[in-house]
Amino acid sequence: MACAFNFIGTHSNSEFMIQPIPTSGNAAAFRARGPMTAEDYFNVLVPAVTSLAERINEINFLLVMDTEIKSFASAHWMEDAILGLKNLGRWNRAALVTDSDAAISFTNALTDLVPGQFKGFKKEAFEEAMLWVQTGESR
């Protein structure tokens with residue numbers, strides 16, 4: 001399955017549009033502030049997720065979308081990325097925080113496609129999403 005997000009916004013090659021969010025140490029959390037590119041993915045997300053998996057032997061992940069999702073579209077780099085992380089086999093919990101109902105539905109459907117639990121959350125539920133990713137608990 002290939003899926004990627006096309007984001008509205010501009011991208012500066014000198015600055016990643018993906019910014020880390022502090023966590024308790026058992027999760028990797030990020031905020032997307034602009035168009036996510038393969039460069040962002042492979043230089044920011046993959047090293048953090050790989051390091052987390054090596055350190056705690058599972059992946060707890062949160063991504064906040066502070067940019068509009070224009071559409072879902074096929075992209076080879078995202079297909080490779082999903083397959084690469086899927087093969088880690090250590091997904092535990094992953095959350096996408098966005099106001100896009102389509103992205104939330106897609107995220108919720110991932111539970112049936114890859115190992116682990118995947119949930120989409122609205123932006124006003126950020127704290128609930130972070131709690132769930134770090135502890136597995138819901139409010």
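Against which strands do the buried residues of helix 4 pack? To find out, select helix 4 (residues 126-135), where the buried residues are F126, A129, M130, W132, V133 and Q134. These buried residues pack against strand 2, strand 3, strand 4, strand 6 and strand 7. Buried here means under 20% relative accessible area, with exposed over 50% and partly exposed in between (1.4 Å probe, protein chains only). Contact means heavy atoms within 4.5 Å. Helices (H or I, at least four residues) and strands (E, at least two) are DSSP runs numbered from the N terminus.

The model is predicted: local features need pLDDT of at least 70, side-chain atom pairs count only at pLDDT 80 or more, and totals for chains, interfaces and linings use all residues. Residues are numbered from 1 along each chain as its sequence is written, and side-chain values use heavy atoms, with hydrogens and water left out.

In the order 2-3-4-6-7, 5 strands form an open sheet with mixed pairing; two strands pair if DSSP finds at least two bridges between them. Strand 2 (18-21) and strand 7 (117-121) stand at the edges, each with a single partner strand, so one side of each lacks a neighbour in the sheet. From one strand to the next, the twist averages 20°. Zoom in on strand 2 and strand 3 (residues 28-32), which run antiparallel and are joined by 4 bridges; here I21 stands opposite A29.

Helix 1 (residues 38-56) lies across strand 2, strand 3 and strand 4 (59-65), running at about 150° to strand 4. Helix 3 lies across strand 6 (91-97) and strand 7, at about 165° to strand 7. Axes are lines fitted to C-alpha atoms, for helices over the stretch in contact, and angles run from 0 to 180 degrees between N-to-C directions.

Finish with the charged side chains. A salt bridge is a side-chain nitrogen of Lys or Arg within 4 Å of a carboxyl oxygen of Asp or Glu, and the count comes to 4 salt bridges. Select D66, which meets R33 in a salt bridge (3.9 Å, N to O). D66 lies in the loop between strand 4 and strand 5 (69-73), and R33 in the loop between strand 3 and helix 1, 33 residues apart. D66 also forms a salt bridge with K123, the closest N and O atoms being 3.7 Å apart. Finally, select D101 and K122, whose closest N and O atoms are 2.7 Å apart in another salt bridge.
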